[in-house]
Amino acid sequence: MHRIWSVPELLSLIFGCFDDKSDILRCALVCRAFSTEAARLIWKQVEDFSQLLGCFPQETISIELSGDSYEENRTFRFLHLPHPSEWNRMRHRARMVKELTFSEFDNYDAVLEVIQRFKIDLAFPELMSLHLYISAAKRFQTFLPLFASSRLQELEINFEGLNDRLVNTAMEMLVAQAHPLRSLDLGAKSFPKLSQDCLVQILERSSSLDFLRLDLKTVHGEDVMEAVAHLPNLRNIRVEFDGGDGERIAYSPGFPSLVSFDMWAPYNSALATTRAITSLNMATLLVGVQNKPIEPPTSLFQAIGTMAGLNSITLRFLEYESLRWADANPILSLPSISRLDIWVGGTWMELDDEAVSVISRTWPNLTSLRLSGQSHLPESVTRPSLRGIAILLAGCPTLRDLGLEIDARAAQLRAALVNTPPASSKPRGSLMFDVKTSLVTPNSEAAIADYLWTLWPGEWGICSDWSGWEGDTWKSVRELLQEEDGDGEGEEEEGEGEEEEEEEGEGEEEGEGEEVGE
């Protein structure tokens, strides 16, 4: 064999091109050099801790199944103490693991108890990413000593149970291990004061933390956010607080490097955190307001309006009955928005053609615009007309996703046809239009389809929330637009064929001219 195949870096690069582990396994059977490097890749990412137990023969370990087919639980037990050679095989595999996951449906308590009782020196020195989905009702903290010597940079840990003592013990261990984390994903149904203090200690010394997700009760997470705000390199954060309105109405200014902010919380907590963001790099913001505050959400829109670099805004008001577009006016100061999605738990706001015109002028680079609510709009509420849609599509040529209730009834349709813009000769891309419960008149589908095709000669996708004849009408509009798109493609192909025939004809004429010349 050529000595080039003895270069580990080259083999690792080649084997890394395989997407399927079975291909790497076949490579491992070629020779010793291939086997060594293939093993490193095979055991680099272990999606289930049980895979490591495959080094023990069936007569050494048992698996007890319980639960139903949807949530099948597995309990692992040693039938007798494994032989030292079997432990050595497991140690060898553990030393190669860089990412490890524990399933929430598996119970390894008995296995870990043997490891601790007999002081088995099992360690994961190369481990960098750990995902633990284990109920805290089990001996959760027994896992953590295995990773004391690891180089953990990414930790995902979820406490599903309500055992405060075990949660506190686990958090104290994490403080003692002092891993240099760059990513932390932490969730808990109960997170006592001692655990909160431990988390603050972890955050204070994790200056390199880039990603953070917290899923905690509101009263357990608010004080932690003060420490989060001072993380110098935090770029992505996802926070979910639950249970009661927030008591904190203000945080110290912070979040200096934040790029993406995703928070689901009571209004006070969401407002206080949004106001505290000082980063000039904010690009993506998602805020879900879980309760209905006394005052309109104008203050929240004002806080968002200070983030000059934002290009994507998603807002969810779960218990709001309705919103006023005037409340959202502060975000019109943001020049770079390409995606705007606002949803309320009740009915949507009144919106007219003038508001849609302002949107198109302010954000000409919009690719997605969704303004909607869960409940149907009353018929008396003002909606944008078809003319408003013409203004929007003309002003936002890159729009690809639109969710908006409009008024397409006969009177509005006639008014739009009077001012029909000239047909565009330039084909457009695809546009998904969710019309919700847009108003429509029976037997008007052909006229609406013709008008929309004039505005946007491209691939249309239309869906609605209607279930009666209105839904059938919008379905017919979609089908007619799809027929137009198909006819357009056929004409284009015919045009290309005619051009080819013309070119062939010109070629024949040139050939005849050459013969005559000769």
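1. Residue numbers start from 1 along each chain as its sequence is written, and side-chain values use heavy atoms, without hydrogens or water. As the model is predicted, local features need pLDDT of at least 70 and side-chain atom pairs pLDDT 80 or more, while totals for chains, interfaces and linings use all residues.

2. You will find 12 aromatic pairs in the structure (rings of Phe, Tyr and Trp, its six-membered ring, with centres within 6.5 Å; planes under 30 degrees apart are stacked, over 60 edge-to-face, the rest tilted). Phe 124 and Phe 147 make a tilted pair, because their ring centres are 5.4 Å apart and their planes stand at 45°. Phe 124 sits in the loop between α5 (109–117) and β6 (129–132) and Phe 147 in the loop between β6 and β7 (154–159), so the pair links parts 23 residues apart in sequence.

3. Phe 124 is buried at 0% relative accessible area, and Phe 147 is buried at 0% as well (buried means under 20%, exposed over 50%, partly exposed in between; 1.4 Å probe, protein chains only).

4. Phe 433 is buried at 1%, and Trp 460 at 3%. Their rings are tilted too, with centres 6.4 Å apart and planes at 50°. The pair ties strand β18 (residues 431–436) to strand β20 (residues 460–464), across 27 residues of sequence.

5. Glu 72 is partly exposed, at 42% relative accessibility, and its place is the loop between β2 (61–66) and β3 (73–78).

Notes: Helices (H or I, at least four residues) and strands (E, at least two) are DSSP runs, numbered from the N terminus.
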